[in-house]
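Thanks for coming. I will go through one structure today, starting with the ligand and then moving out to a few single residues.

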Amino acid sequence: MRDNDVKKEWDNSAKAWADFVRTGKDYYRDGLNNPAAFELIGNVKGLTVLDMACGEGHNTRILARKGANVTGIDISPKLIELALQEEKKKALGIKYLVMNAAHLTGLPDSCFDLVTCFMALQDIEDYRKAMSEASRVLKPNSRFVFSIPHPCFEKISLDGKITDAADNYLGEIKYPIHWNMERLSMPFKTISFHRTLTDYIDAVNKSGLYVSRLVEPKLTEKAYRKYPRLQENLKKPQSVIIESVKIAMSHTVERSRR
Ligand SMILES: C[S@@+](CC[C@H](N)C(=O)[O-])C[C@H]1O[C@@H](n2cnc3c(N)ncnc32)[C@H](O)[C@@H]1O
């Protein structure tokens, strides 16, 4: 079945991943990607937000602390269990559900003001269906914001060798990621998919959304002083963040008449 190996690896990696994220070792997130993503997202106070593929809930909690009413969903029961443990320790009013992003069964149409998906669409096998589900549950004129490793600069594991994705840019590649950096408490493995920017933008458009902004996060001088290891990101983005908006019905009619 689709997604089974992705789910299995994330379940097996849940504890190691949570340790990585919660102990400040994920410095790409803390120093580069989150500052850019949350600046783009802006004020979420009072918004009803779905955090798709929320993992152990680090960014879900940030959204809740900023005043959003948040639901977090993830395919990995183990990661959701870890997220729920945090919610028990310090309640932020977050609702967590084990759910495949490609089948948001039980979530009604047009009920969210914002859907986020932080650095996860590259791990979702049926990313096109996940995007159309994001669009379905969004209210008209509301935003779907997602980030992915930049497909032009990521490294991928191909036939056991680490290569530049740019060398095999066109087409989809399913590959394992061996998380074995020294700073980890234990190594782990996950499954990911390389796709082109065109693939993602095409999926956005086919989901009844249109791209309103694209950000390639650049390391600030201040963040560089705190995270000198991110030096190469003064010149090269590690991720791309895409903001899209659900087309209201009248706009769709307008477009199709042209
Ligand atoms: C790199 S992690 C990012 C997690 C979280 N967004 C964060 O920023 O910490 C990717 C996540 O995607 C989830 N995932 C993969 N396929 C999924 C699917 N089909 N539906 C829901 N979640 C999925 C994994 O379980 C994992 O939690």
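How many residues surround the ligand, and which are the closest? There are 20 around it, and the closest are Arg 29, Ala 53, Asp 74, Asn 100 and Ala 101. A residue is near a molecule or strand here if one of its heavy atoms lies within 4 Å of it.

Before going on, some housekeeping. This is a predicted model, where local features need pLDDT of at least 70 and side-chain atom pairs count only at pLDDT 80 or more, while totals for chains, interfaces and linings use all residues. Residues are numbered from 1 along each chain as its sequence is written, and side-chain values use heavy atoms, with hydrogens and water left out.

Ala 53 uses its backbone, with an N or O atom 2.7 Å from a ligand nitrogen. Taken alone, the ligand exposes 600 Å², and the protein buries 98% of that. Those areas come from the Shrake-Rupley method with a 1.4 Å probe; for residues, only the protein chains shown count as cover.

What is the make-up of the shell around the ligand? It divides into 13 nonpolar, three polar and four charged residues. Ala, Val, Leu, Ile, Met, Phe, Trp, Tyr, Cys and Pro count as nonpolar, Asp, Glu, Lys and Arg as charged, and the others, Gly among them, as polar.

Which helix gives the most to that shell? Helix H1, residues 4-22, does, with three residues. Helices (H or I, at least four residues) and strands (E, at least two) are DSSP runs, numbered from the N terminus. H1 has 19 residues, which at 1.5 Å a residue should span 27 Å, and its end C-alpha atoms are 26 Å apart, so the two agree. The expected span is 1.5 Å times one less than the number of residues. H1 also has a kink of about 60 degrees, centred on Ala 14; the bend is the angle between axes fitted to the seven residues ending at a residue and the seven starting there. Ala 14 is among the buried residues of H1, as are Trp 10, Trp 17 and Phe 20. Buried means under 20% relative accessible area, exposed over 50%, and partly exposed in between (1.4 Å probe, protein chains only).

Met 119 has a phi near 45 degrees, a positive value in a residue other than glycine. Met 119 is in the loop between strand S4 (112-117) and helix H5 (127-137), and is partly exposed at 25% relative accessible area. Asn 141 has a positive phi as well, near 70 degrees. Asn 141 belongs to strand S5, residues 138-149, and is exposed at 55%.

Last, some pairs along the chain. Asn 34, in helix H2 (residues 27-41), is buried at 10%. Asn 34 and Asn 59 are 25 residues apart in sequence, with 8.3 Å between their C-alpha atoms. Tyr 210 is in strand S10, residues 209-215, and counts as partly exposed at 32%. Its C-alpha atom is 5.4 Å from that of Val 245, 35 residues apart along the chain.

Is Tyr 175 buried or exposed? Tyr 175, in strand S8 (residues 173-179), is buried, with a relative accessible area of 4%.

Conventions: Polar contact = N/O pair within 3.5 Å; in protein donor to acceptor, adjacent residues only side chain to side chain.
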